[in-house]
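Here are my notes on the model you sent. Please read them with the structure open.

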Amino acid sequence: MMNRDDYVAKMKLQLDEMNARLGEFEVKAQAAQVDMRAACDKEMLQLRAQSKAAGTMLDELKVAGENAWQQMATESEKLGKAFNQACTQAFSHFKSKP
């Protein structure tokens, strides 16, 4: 397993990528037809909450002790996977439209 500083750097990069995807979704959601906006708004709230949770976890990882950060790493991986699944679900609205 990598050391904490390398892991924190990796998580920071992933959080930046998450927020970039969130920005892409927000642009598409704003351009969506009225009937899709409600669903997009709901998903946007969920994605923002996950991004905020990831940011909080990253801050906690930075100051966690040697044993604690490794346990937290497992949780942060789960959080990242959940965010990616939520993004895939959110973007699926746009792929099915002509």
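1. Helices are DSSP runs of H or I with at least four residues, strands are runs of E with at least two, and both are numbered from the N terminus. On that basis the elements of the protein chain run α-α-α from the N terminus on. The count is three helices and zero strands. The C-alpha trace spans about 50 × 20 × 15 Å along its principal axes.

2. A word on the source. This is a predicted model, where local features need pLDDT of at least 70 and side-chain atom pairs count only at pLDDT 80 or more, while totals for chains, interfaces and linings use all residues. Residues are numbered from 1 along each chain as its sequence is written, and side-chain values use heavy atoms, with hydrogens and water left out.

3. Look at how α1 and α2 pack. Their axes come within 10 Å and cross at roughly 165°. (Axes are lines fitted to C-alpha atoms, for helices over the stretch in contact; angles run from 0 to 180 degrees between N-to-C directions.) α1 is therefore roughly antiparallel to α2, a label for angles over 145 degrees. The crossing is left-handed: the near helix is turned anticlockwise from the far one by less than a right angle.

4. What is the contact of α1 with α2 made of, by class? It has 15 nonpolar, five polar and seven charged residues. Here Ala, Val, Leu, Ile, Met, Phe, Trp, Tyr, Cys and Pro count as nonpolar, Asp, Glu, Lys and Arg as charged, and the others, Gly among them, as polar.

5. Check the cavity. The structure holds one cavity of 30 Å³ or more. A cavity is a set of points on a 1 Å grid over the protein atoms alone where a 1.4 Å probe fits but cannot get out; lining residues have an atom within 4 Å of a point. The largest cavity has a volume of about 100 Å³, the volume being the space filled by probe spheres set on the points. α1 (4-31), α2 (34-63) and α3 (66-95) each give two or more residues to its lining. Among the lining residues are M11, M18, M57, L61 and L79. By class, the lining has eight nonpolar, three polar and no charged residues.

6. Then the salt bridges (a side-chain nitrogen of Lys or Arg within 4 Å of a carboxyl oxygen of Asp or Glu). A search of the whole structure finds four. One of them pairs K10 with E77, with the closest N and O atoms 3.4 Å apart. This pair links distant parts of the chain: K10 sits in helix α1 and E77 in helix α3, 67 residues apart.

Notes. 1 Å grid on protein atoms, 1.4 Å probe; cavity = no way out; pocket = protein on both sides within 12 Å on 5 of 7 lines; lining within 4 Å. Parallel < 35°, antiparallel > 145°, perpendicular 65-115°, else oblique.
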